[in-house]
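Student: Could we go through this structure together, one question at a time?
Tutor: Gladly, here it is.

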Amino acid sequence: MHDIGKIGTPDHILLKPGKLTDDEMVIMRQHTCIGADILGECDSSLMATASQVARWHHEKWDGSGYPDGLAGAEIPIAARIVALADVFDALTSERPYKQAWTVDAALAFITSQSGKHFDPQLVPLFIAELPKLLAIKAKWAD
């Protein structure tokens with residue numbers, strides 16, 4: 001549900017086999033706000049969390065993410081957790097524009113980004129749960 005806003009992104013950008021241009025990247029980044037708007041504000045705590053995740057799952061611990069440049073604990077915990085899972089899934093999955101990374105390469109990247117992209121307290125927790133995460137990933141593989 002975190003990427004629901006991608007329904008507002010043109011297929012020629014979503015499925016592009018190469019690197020996105022700066023203009024295409026501006027359009028791609030809009031999926032976070034589109035998703036938050038789709039999920040909207042409501043009384044349900046579950047939907048409120050889903051809206052927060054949709055909007056802020058591309059924020060980075062060091063404040064260099066988007067759409068709002070939030071940093072550290074300003075980023076809701078659910079969005080910080082989904083950011084880790086989303087990057088791991090993206091790296092270890094084949095995409096039209098790239099081959100899948102190995103699990104070891106993805107973990108090396110995530111570890112290198114602890115305190116930069118990712119919450120440094122969450123990275124070791126993510127790694128500790130990796131066997132369970134890999135089992136889930138295998139169960140739901142395309």
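Tutor: A85 has its place in helix 5, where helices are DSSP runs of H or I with at least four residues, and strands are E runs of at least two, numbered from the N terminus. This is a predicted model, where local features need pLDDT of at least 70, side-chain atom pairs count only at pLDDT 80 or more, and totals for chains, interfaces and linings use all residues. Residues are numbered from 1 along each chain as its sequence is written, and side-chain values use heavy atoms, leaving out hydrogens and water.

Student: Is A85 buried, partly exposed or exposed?
Tutor: Buried means under 20% relative accessible area, exposed over 50%, and partly exposed in between (1.4 Å probe, protein chains only). The relative accessible area of A85 is 39%, so A85 is partly exposed.

Student: How many disulfides does the structure hold?
Tutor: A disulfide is a pair of cysteine sulfur atoms within 2.5 Å. The closest cysteine sulfur to that of C33 belongs to C42 and is 17 Å away, too far for a bond. C42 is likewise in no disulfide, and the number of disulfides in the structure is zero.
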